[in-house]
Amino acid sequence: MATPADAANAAHPIVGRRAQLSAVADALAQLDRRSSPILALSGEPGIGKTRLTEELCDRADARGHLVLSGRAAELEQDLPFAVAVDALGDYAASLGVDRLQRLVGAQAAELAPIVPGLDGLGDATAGRLQDERFQTHRAVRALLEALGAKQRVVLALDDLHWADAASLELVAHLLRRPPRRGVLLVLAFRPSPARATLVDALAAAVRERAVVELPLEPLTLADAEALLPADVPAARRDAIFAQSGGNPFYLQELARAATPSADDDVPRGVAHALEQEVRALPEDAARLVRAGAVVGDPMSLDAAVAAAQLDTADALDALDVLLDAALLAPTDVPRRYRFRHPLVRRAIYDTTPEGWRLGAHARVAQALEREGGSITARAHHLERAAQPGDAAAIGVLIAAGSGAAARAPAAAAGWYAAALRLLPQDPESAGQRLGLLVMLAQCQAAIGQLVPALDSLDQALQLAGDDDVLAPLRARLVAGCAMCENLLGRHEAAHGRLVAALDHVADPSSIAAADLQVELAADALYDGDFTAMRTWAQRGHATATALEDPALQLVAEALATYAQLGLGAIPEAHATADKAAERLDGMADDALGGRLDGPYYLGFAEYFAERYDAAIRHFRRGIALSRAAGQGQFATPMSIGLAHAYEVTGRLRAALEQADGAVEAGRLSGNRQILCWALTAEAWIAAIAGELPRARAAGAEALELLAHLDESVLSQGTRVHVAAAWLEAGEPERCLEAMADAGGPGFAHVEPGRRAWLYAILARAELDLGHHTVARDWVQRGEELQAQLGDLGHVEAAVAHAHALLDLATGDAAGALAHAERAVDRATQAGAAVQAARARTVAGRAAAQLGHASSAVSWLERAEADLAAIGATRLRDEAARELRRLGRRVGARRRRASGAEGLASLSGREREIAELVADGRTNREIAAELFLSEKTIESHLTKVFAKLGVSGRVAVAGAVGRERDPGD
């Protein structure tokens with residue numbers, strides 16, 4: 001049976017698009033082979049993107065494929081995920097909650113912003129930070145993959161130039177990580193004005209040859225002739241073509257007009273033609289179509305009837321008129337209708353009288369309230385129609401902002417701003433305005449709008465005034481402003497703001513003074529001024545101690561630890577870190593919730609102090625508390641720190657998962673510094689894991705981003721760690737170049753422990769290039785510095801490892817063995833599993849050169865097994881190669897026969913759960929920390945038991961414990 005779409009397509013055949021239709025056919029053929037192609041259709045308004053998309057969808061539907069299509073609307077850019085809801089919402093909802101959970105498991109809860117009926121699933125609205133909204137993107141991808149595993153799927157998204165920010169972030173994610181098989185992604189958009197999120201993601205996909213671009217150009221006169229009705233006179237045909245410029249939509253709309261005006265430019269001419277068409281309608285039909293333009297596209301009939309103020313019978317008659325005139329067309333959903341073209345809706349909306357349009361928006365909002373419509377839909381109309389001082393409208397806008405803040409902060413920022421515009425400028429509203437400004441600033445910062453966020457915080461500071469009661473709040477606002485300024489590279493301004501605020505604090509022993517003193521310690525980190533950092537941390541600690549504020553004491557102790565490390569005072573740093581750890585572990589969650597910079601700074605201080613297990617514990621707790629409190633500013637950096645700690649201790653799969661999530665969050669944050677930091681972690685960990693293409697790509701992107709950032713300790717740290725990743729990726733020249741760019745050879749800006757580690761990296765790079773004399777100099781410098789520092793086992797092991805490699809290269813096998821053994825011992829004591837395993841490989845090589853075959857095999861078999869269990873495939877292959885040289889056969893999937901053999905078989909998620917079991921967590925606690933259901937945890941544990949060959953949690957903890965303590 002023919003559908004209205006079939007009739008419309010037959011009436012408007014595709015002409016002049018032979019190359020594009022061929023590409024469509026190729027894409028469908030690839031889809032039939034279970035590939036996942038991507039098509040990007042671009043061109044000016046009315047050029048035929050929608051028609052070509054419809055043709056592709058019709059062909060896919062004829063093949064029996066599942067077609068999911070959505071279209072963004074210019075007038076609805078404040079509705080989060082609007083185009084995704086249009087494409088996926090109704091279909092996914094029709095599957096039912098149970099089936100969705102079978103398809104995507106615990107990720108079903110993350111689909112709540114897109115799929116109706118999931119709001120209460122797994123407490124989907126709780127525990128999600130703004131920068132973690134990529135979890136919803138991953139859930140959509142998982143759903144598409146699950147559907148594509150059963151049948152071919154086409155996801156067609158039209159008019160993406162009008163898409164809301166949340167939808168564009170989703171599209172960018174799908175471009176970076178397309179569904180693996182059986183899904184065709186079709187994107188249609190105007191190339192101008194450019195939307196940075198879409199343009200950047202498309203550019204990256206084009207570089208990777210993951211997308212086929214299909215630009216659409218104007219039609220030729222010969223092709224245009226085929227679209228004009230046969231009864232149009234020849235003289236008019238030439239005029240219409242000239243006025244249309246070969247644009248198919250303009251061509252057809254001008255042909256509809258009785259008297260096209262050759263004096264108007266094309267957009268005005270088309271608008272005039274459409275206005276004539278609407279004026280020719282009966283009054284009720286004209287009211288209904290104008291109301292429909294206010295309601296949206298697709299149009300809900302019931303909402304449009306309410307907006308038009310028509311009774312049911314008259315409205316249905318009017319609907320028939322609009323369908324006959326082809327201004328509207330049915331959709332697959334009952335009582336929902338689409339406009340003939342998005343430009344038709346836009347033109348009708350623009351030509352509707354302003355006063356009537358305002359009233360229609362208000363009537364739609366009232367109708368949605370009566371019918372239980374979504375808060376976001378109500379906010380969309382109230383933003384356009386509410387009067388200043390309308391308390392109910394302000395409440396709806398604030399509620400919409402609060403509901404969207406975690407997953408769609410751009411939309412939330414718009415609604416908070418709208419609420420502020422409606423809020424009266426009077427003393428009674430000052431408190432509410434202050435709170436709204438803070439929420440607005442948080443959303444602006446979450447989407448990378450740091451300058452507007454700074455302006456919102458400054459306005460909040462002005463509202464806070466000089467009231468002593470608000471002094472603690474002012475201190476927090478000043479700290480927020482300084483954070484924005486530091487992230488913008490305005491370090492002097494941030495420092496000046498903090499000092500000035502401290503000078504204006506009336507009571508130097510107050511909580512406000514302590515807060516600012518601690519912030520000044522954190523501020524000193526950006527300049528690498530560890531002396532000032534220690535001074536301010538000590539002052540803040542003294543004030544916080546007098547006030548008996550344990551949370552602030554913790555932050556001060558954590559920063560003092562970092563400063564002591566930077567000054568080379570390692571014993572003092574260890575003592576302070578232990579004191580801070582004891583304080584943190586003894587604090588209740590509610591006492592810590594307001595100072596999440598405590599676990600953030602302490603976790604990193606413990607990481608650099610080589611207290612890895614403590615760092616992991618505190619990072620995990622800090623991340624969980626960040627989610628519970630909805631405070632995301634430290635969560636992504638803590639995830640980066642956790643990834644590094646996992647890597648050092650040999651948990652590479654978990655480390656890569658953390659780094660991957662941090663990169664996704666960094667992209668969404670709009671903060672290039674954080675993204676650089678996350679990409680650096682990904683580059684280093686991927687290199688250690690042997691995923692060299694991934695390591696090179698992440699490192700290159702990190703360095704490219706640095707070109708747009710001011711120099712700071714963080715940017716210099718990015719350079720040196722990317723340089724280290726280049727060495728692991730087999731590019732010593734590139735390593736040395738990046739090290740030079742990072743401020744070598746002195747690295748005065750780097751704390752001494754990490755500086756000694758960098759000397760070891762430089763020595764290895766020079767060795768790879770055959771520069772033995774230069775390498776020896778770096779080794780000596782590393783040993784001299786390390787000797788001054790004392791108890792940093794991982795650093796000492798790295799330097800000893802480099803010395804052993806130098807000895808091997810210069811023929812001193814006995815010296816190499818001694819230094820390698822030292823490296824193994826010190827790395828093992830520090831819990832640096834990767835470093836210990838690498839040093840065992842060097843020890844095996846040295847023993848082989850000395851003719852100690854049995855000892856060499858023992859060293860190498862342990863190294864090969866450890867590296868295989870860790871997941872460091874490239875390093876494992878090095879050990880296996882040495883074993884083969886000694887005549888030992890090594891299988892491609894060789895694993896240890898100990899408990900660690902089973903651990904090596906676990907997936908990243910299973911390994912993470914096993915680690916938490918070993919830490920004594922219950923299933924409920926693990927589920928809360930990982931944001932999974934208890935049922936999912938139980939399922940993972942069943943697989944863990946099977947892979948380890950055990951029957952209970954105690955045995956799992958024992959297997960993890962044996963790996964943590966290799967000497968056991």
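Predicted model: local features only at pLDDT ≥ 70, side-chain atom pairs only at ≥ 80, totals over all residues.
**Entry 1: the five-stranded sheet**

I looked up the strand order and found β2-β3-β4-β1-β5, an open sheet with parallel pairing. I noted that β2 (66–71) and β5 (212–215) are the edge strands; each has a single partner strand, so one side of each has no neighbour in the sheet. Neighbouring strands here are turned by 15 degrees against each other on average, direction ignored.

Strand β1 (residues 38–42) is joined to strand β4 (residues 183–189) by five bridges, in the parallel sense. I picked Ala40 and found its bridge partner in β4 to be Leu187.

Next I checked which helices lie on the sheet. Helix α3 (residues 49–62) packs on it and touches β1, β2, β3 (153–158) and β4. The direction of α3 makes about 165 degrees with that of β4. Helix α4 (residues 82–95) lies across β2 and β3, and runs at about 145 degrees to β2.

**Entry 2: the three-stranded sheet**

I read the order β6-β8-β7 for this open sheet, and its pairing is antiparallel. I found three bridges between β7 and strand β8 (residues 336–339). Pro330 has Tyr337 of β8 as its bridge partner.

**Entry 3: helices α27 and α28**

I looked at how α27 (residues 550–566) lies against α28 (residues 570–586). Their axes come within 8 Å and cross at roughly 160 degrees. Angles over 145 degrees count as roughly antiparallel, so α27 is roughly antiparallel to α28. I recorded the crossing of the two as left-handed.

I listed part of the contact: α27 contributes residues including Pro550, Leu554, Ala560 and Leu565, and α28 contributes residues including Ile570, Ala573, Ala577 and Leu584. By type, the contact residues of the pair are nine nonpolar, four polar and four charged.

**Entry 4: Leu596**

I found Leu596 in the loop between α29 (589–592) and α30 (597–608). Is Leu596 buried or exposed? Its relative accessibility is 2%, and under 20% counts as buried, so Leu596 is buried.

I then looked for its contacts beyond four places in sequence, and found Gly622, Leu625, Ser626, Ala629, Gln631, Phe634 and Met638. Ala635 is 39 residues away from Leu596 along the chain, yet their C-alpha atoms are separated by 8.9 Å.

Methods:
Residues numbered from 1 in each chain as written. Heavy atoms only, no water. Axes fitted to C-alpha atoms, helices over the stretch in contact; angles between N-to-C directions. Helix = DSSP H or I, 4+ residues; strand = E, 2+ residues; numbered from the N terminus. Parallel < 35°, antiparallel > 145°, perpendicular 65-115°, else oblique. Left-handed = near helix turned anticlockwise from the far one by under 90°. Contact = heavy atoms within 4.5 Å. Nonpolar A, V, L, I, M, F, W, Y, C, P; charged D, E, K, R; others polar. Pairing = 2+ DSSP bridges. Buried < 20%, exposed > 50% of the residue type's maximum accessible area, 1.4 Å probe, protein only.
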